[in-house]
Amino acid sequence: MRRSQIIGFGSYLPKEVVTNDDLARKIDTSDEWIRKRTGIAQRHIAAEGELTSDIAEQAAMVALADAAIEADEVDLIILATATPDNTFPATAARVQSNLGIRRGAAFDVQAVCAGFIFALATADNMLRLGQAETALVIGAEVFSRILDWDDRGSCVLFGDGAGATVLRAAQEKGTNKDR
């Protein structure tokens, strides 16, 4: 029976940090108000020109290193994002190209907060069904570019960053009835 195994993790946060006190200088809020309602103290913000594909690629490289595999072993990339570089082509395809991967599928999933879970479930199914051997699943957002920085109800909640995991198909004893 085929199953997927997580073999590597990675993440990336942009260098710029916006604290609650920074926001309090611009809008009617305070560090105490934000922390009490959200638990958030700071958020990372992408640099000018830093795209979703850029931060996704950085997280992917860390995950590949953690998995101790080369990028060309990946034959499936699923990128969960609500903030793609462009509508077309998929941001995952740009990451695939930037990593030098020349085979396999690469596509985006847009399901906002649940996006990474949907991407992970999709990759798991494709690995179990033999449609791929090694998958790179990435969640990446650059919400800072689409936020209303004057709306304290939303700008305090979001930042930019990416996380990635590498899954590999593995044969295990048992049957699908065991699931």
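**View 1. Arg 168 is partly exposed, at 25% relative accessible area.** Here, partly exposed covers the range between buried (under 20% relative accessible area) and exposed (over 50%), using a 1.4 Å probe and protein chains only. Keep in mind that this is a predicted model, where local features need pLDDT of at least 70, side-chain atom pairs count only at pLDDT 80 or more, and totals for chains, interfaces and linings use all residues. Residues are numbered from 1 along each chain as its sequence is written, and side-chain values use heavy atoms, with hydrogens and water left out.

**View 2. Arg 168 pairs up with Glu 73 in a salt bridge, 2.7 Å from N to O.** The two come from distant parts of the chain, 95 residues apart: Arg 168 sits in strand β7 (residues 160-171), and Glu 73 in the loop between α3 (52-67) and β4 (76-80). Glu 73 is partly exposed too, with a relative accessible area of 30%. A salt bridge here is a side-chain nitrogen of Lys or Arg within 4 Å of a carboxyl oxygen of Asp or Glu. By that rule there are eight salt bridges.

**View 3. Glu 133 and Arg 2 form a salt bridge, with the closest N and O atoms 3.1 Å apart.** Arg 2 belongs to strand β1 (residues 2-12) and Glu 133 to the loop between α5 (115-128) and β6 (134-142), so this pair ties together parts that lie 131 residues apart in sequence. Glu 133 has 38% relative accessibility and counts as partly exposed. Helices (H or I, at least four residues) and strands (E, at least two) are DSSP runs, numbered from the N terminus.

**View 4. Thr 134 is tucked into strand β6 and is buried, at 2% relative accessible area.** Leaving out residues up to four places away in sequence, Thr 134 touches several residues, among them Leu 127, Val 166 and Leu 167. Contact means heavy atoms within 4.5 Å.

**View 5. Zooming back out, the protein has six helices and seven strands.** Of its 179 residues, 44% count as buried. Among contacts between residues at least 6 apart in sequence, 78% join residues at least 24 apart.
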